[in-house]
Amino acid sequence: EWPEAETLPARTLDDAASFQAPNGGMAYFVARDEYVSPYLSAYTALAFAWLSDAGVPVPEAVETRLHEYLETFLRTDTAPDFYTRGMASTVRAVALAALAKRGKLALAELQRYRAHVEYMSLFGKAHYLQAALAVPGAEAIAREVEEIILRSSVRSGGEISFNEVLDDGY
């Protein structure tokens, strides 16, 4: 039994603001700009979109500030010092997917990151593909990225597996 299970999602969303730094990004423990995690921020925005799609009310002020943080993150091409090129590209792909899911991504912004696809992990490529599928006019980009992802696959015996080599930063 889990008596508080029904109220846990609402309580968790109510707590979201306490993990949001002044710059709008999300932090794990201390909500200060220097502790913001771009990945946590991007994935939180994606989770907010999923929850909203499921009919769960998401705190609008938190989500708006989070989208503003992600838009700034994408425009400034900055990332934590320990991010490798692949990690930074992958996190940006998750941010693009989150913004696209909420209808807040322009085709030009998606195209800007097209050259970074080769550096993304498969996880990043899959999120970039999700973004492309959600942006009108990005059908050619979606087909291209789908082909790139499929080239990482091995098919045998009715199964398919995807393989990649990640740098040490992951």
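**Close-up views of a predicted model**

**View 1. Helix α4 and the glycine that follows.** In this predicted model, helix α4 covers residues 85-101, and because its 17 residues at 1.5 Å a residue should span 24 Å, the distance of 24 Å between its end C-alpha atoms agrees with expectation. Of these 17 residues, 15 are buried, so α4 is largely enclosed by the rest of the structure. Just after α4 comes G103, whose phi is positive, at about 75°.

View 2. Is H67 buried or exposed? With a relative accessible area of 3%, H67 is buried, because the cut-off for a buried residue is under 20%. When neighbours within four places in sequence are left aside, the residues in contact with H67 are A45, L99, R102 and K104. Of the helices named in these legends, α2 covers residues 38-53 and α4 covers residues 85-101.

**View 3. The largest pocket and its lining.** The largest pocket holds about 250 Å³ of space and has a lining of 13 residues, among which T12, L13, A16, T44 and F48 lie nearest the centre of the pocket. Both α1 (8-15) and α2 (38-53) supply at least two residues each to this lining, and the largest share, 5 residues, comes from α2. Sorted by class, the lining of the largest pocket consists of 10 nonpolar, 2 polar and 1 charged residues.

View 4. A volume of about 180 Å³ is found for the second largest pocket, and its lining is made up of N23, D33, E34, V36, P38, Y69, T72, F73, T76, T78, A79 and P80. By class, the lining of the second largest pocket divides into 6 nonpolar, 4 polar and 2 charged residues.

**View 5. Confidence along the chain.** The average pLDDT of the protein chain is 94, and 100% of the residues score at least 70.

Note on methods. Residues are numbered from 1 along each chain as its sequence is written. This is a predicted model: local features need pLDDT of at least 70, side-chain atom pairs count only at pLDDT 80 or more; totals for chains, interfaces and linings use all residues. Side-chain values use heavy atoms; hydrogens and water are left out. On a 1 Å grid over the protein atoms alone, a cavity is a set of points where a 1.4 Å probe fits but cannot get out, and a pocket is an open set with protein on both sides within 12 Å along at least five of seven lines; lining residues have an atom within 4 Å of a point. Grid points are joined across faces, edges and corners, and a volume is the space filled by probe spheres set on the points. Helices (H or I, at least four residues) and strands (E, at least two) are DSSP runs, numbered from the N terminus. Ala, Val, Leu, Ile, Met, Phe, Trp, Tyr, Cys and Pro count as nonpolar, Asp, Glu, Lys and Arg as charged, and the others, Gly among them, as polar. pLDDT is the predictor's confidence in each residue, from 0 to 100. Buried means under 20% relative accessible area, exposed over 50%, partly exposed in between (1.4 Å probe, protein chains only). Contact means heavy atoms within 4.5 Å. The expected span of a helix is 1.5 Å times one less than its number of residues.
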